[in-house]
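Here is a short briefing for a first look at this structure. Keep the sequence and the model side by side as you read.

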Amino acid sequence: MNAVKVKLSKNRIHYYNPLDFKLSDNDFVVIETGKGLELGTVIGEIFQLQKKERIANLKPVLRLANSKDIKSYNQNMLEEPEIFIRCKEKIKTNKLDMKLISAELTLDRTKLVIEFEAQERVDFRQLVRELAEEFKARIELKQIGSRDSAKQLGGLGPCGLVMCCKTHLKDFENVSIKMAKNQNLSLNPQKISGTCGKLLCCIVYEDETYKELRVNFPDLGDYVTTTEGTGKVLSSDVINGNLKVKYPEDKISFHKIADVISFKRRKSNEVVANVYKKDSKENNEGSN
């Protein structure tokens, strides 16, 4: 089945069925989303969709955008900043505890979609009546979470780059403190939280790698046996294969994982042979 990638406002990218339209890169098309009619830009060329499970939910491109559609879109872009300001004023006048995130008109200008963030349930019935009367359009208010709010507002992450949710993330995965602990990250909320106040999405990226490496890697508190004897692990660097070990009489040594003969799990008392040492020998023999 043919498909085409379409970019919408706020860097939203979705797949659509091109039907019999001959579409090329940067063509303007009219499509229908959960918000209503929108103008989108085609990215790339028509391609064959491989994921069969998505075929049934693939919405069609309604039509190629004409001059009237583009004029309506440009008019919306000009008016929406002022509409946003007026909505904020209405919210303040009605003394509503909500943070306005966006206010967008649909392409046919029949509906005004307002997204907001709030800690508790908000009674916005009076606000809807006032906005409908002023803008002569159907009003739809949508409460969104802090992560969706940050995705729309954008900004820079702690790495100095534009936030992932603003550039390429389509869906948010669950991020847990356990993942941060597994990667030996600081548990200081200010260091592992994004601008949304939630745990950083990028913690998920390397989680599977750390899980795989830690299966046969000594952890904090485990006892390792090396040529220097048996000592307790004070810190472990899974990615670089480094260990900091404390031996009797407060002797501290630093080792590579290949130096470990075996180790005992602190929690289960399980003794584990060092598979990394074995792998290291096999690699050296292969290179010879």
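## Briefing

At 81% relative accessibility, Glu249 counts as exposed. The model is a predicted one.

**The loop between E11 and E12**

- Glu249 sits in the loop between strand E11 (242-247) and strand E12 (251-256).
- The phi angle of Glu249 is near 65 degrees, a positive value in a residue other than glycine.
- Asp250 belongs to the loop between E11 and E12 as well.
- The phi of Asp250 is near 60 degrees, again positive in a residue that is not glycine.
- Most residues other than glycine have a negative phi.
- Asp250 has a relative accessible area of 58% and is exposed, because the cut-off for exposed is over 50%.
- The side chain of Asp250 also forms a salt bridge with that of Lys246, at 3.3 Å from N to O.
- Lys246 counts as partly exposed, at 35% relative accessibility.

**Helix H1 against helix H2**

- Helix H1 covers residues 67-93, and helix H2 covers residues 125-135.
- The two helices pack at an angle of about 145 degrees, and their axes are 10 Å apart.
- The crossing of H1 and H2 is right-handed.
- Which residues of H1 meet H2? They are Ile83, Arg86, Cys87, Lys90 and Ile91.
- On the H2 side, the residues are Leu127, Glu130, Leu131, Glu134 and Phe135.
- By class, this contact of H1 with H2 has 6 nonpolar residues, 4 charged residues and no polar ones.

**Nonpolar cores**

- The largest nonpolar core has 17 residues.
- Within this core, Cys87, Met98, Leu112, Ile114, Leu127 and Leu141 touch the most other members.
- Five elements each supply at least two residues of this core: H1, strand E6 (99-105), strand E7 (111-117), H2 and strand E8 (138-143).
- Two of those core residues, Cys87 and Leu127, also take part in the contact of H1 with H2.
- Setting aside residues up to four places away in sequence, Met98 touches Ile91, Phe116, Glu117, Ala118, Val122, Leu127 and Leu141.
- There is a second, separate core of 12 residues, and its members include Phe217, Val233, Tyr247 and Val260.
- In soluble globular proteins, nonpolar side chains tend to be buried together.

**Salt bridges**

- How many salt bridges does the model have? The count comes to 16 salt bridges.
- Glu134 and Arg86 meet through their side chains in a salt bridge of 2.8 Å, N to O.
- This pair links distant parts of the chain, with Glu134 in helix H2 and Arg86 in helix H1, 48 residues apart.
- Glu134 is partly exposed, with a relative accessible area of 31%.
- Arg86 is partly exposed too, with a relative accessible area of 23%.
- Salt bridges that share partners join Arg86, Glu89, Lys90, Glu130 and Glu134 into one network.
- Glu208 forms a salt bridge with Lys211, and their closest N and O atoms are 3.9 Å apart.
- Glu208 and Lys211 are separated by about one helical turn, because they are 3 residues apart in helix H7 (residues 207-214).
- Glu208 counts as exposed, at 55% relative accessibility.
- Lys211 is partly exposed, with a relative accessible area of 45%.

- Is Ser102 buried or exposed? Ser102 has a relative accessible area of 7%, so it is buried, the cut-off being under 20%.
- Ser102 has its place in strand E6.
- Beyond neighbours within four places in sequence, Ser102 is in contact with Lys10, Phe84, Val113, Ile114, Glu115 and Gln152.
- Where does Ser268 lie? Ser268 is in the loop between strand E13 (262-264) and strand E14 (271-273).
- Ser268 counts as partly exposed, at 48% relative accessibility.
- Ser268 and Asp222 are 46 residues apart in sequence, while their C-alpha atoms are 9.9 Å apart in space.

Conventions: Residues numbered from 1 in each chain as written. Predicted model: local features only at pLDDT ≥ 70, side-chain atom pairs only at ≥ 80, totals over all residues. Heavy atoms only, no water. Axes fitted to C-alpha atoms, helices over the stretch in contact; angles between N-to-C directions. Helix = DSSP H or I, 4+ residues; strand = E, 2+ residues; numbered from the N terminus. Left-handed = near helix turned anticlockwise from the far one by under 90°. Contact = heavy atoms within 4.5 Å. Nonpolar A, V, L, I, M, F, W, Y, C, P; charged D, E, K, R; others polar. Core = buried A, V, L, I, M, F, W, Y, C linked by side-chain atoms within 4.5 Å. Buried < 20%, exposed > 50% of the residue type's maximum accessible area, 1.4 Å probe, protein only. Salt bridge = Lys/Arg side-chain N within 4 Å of Asp/Glu carboxyl O.
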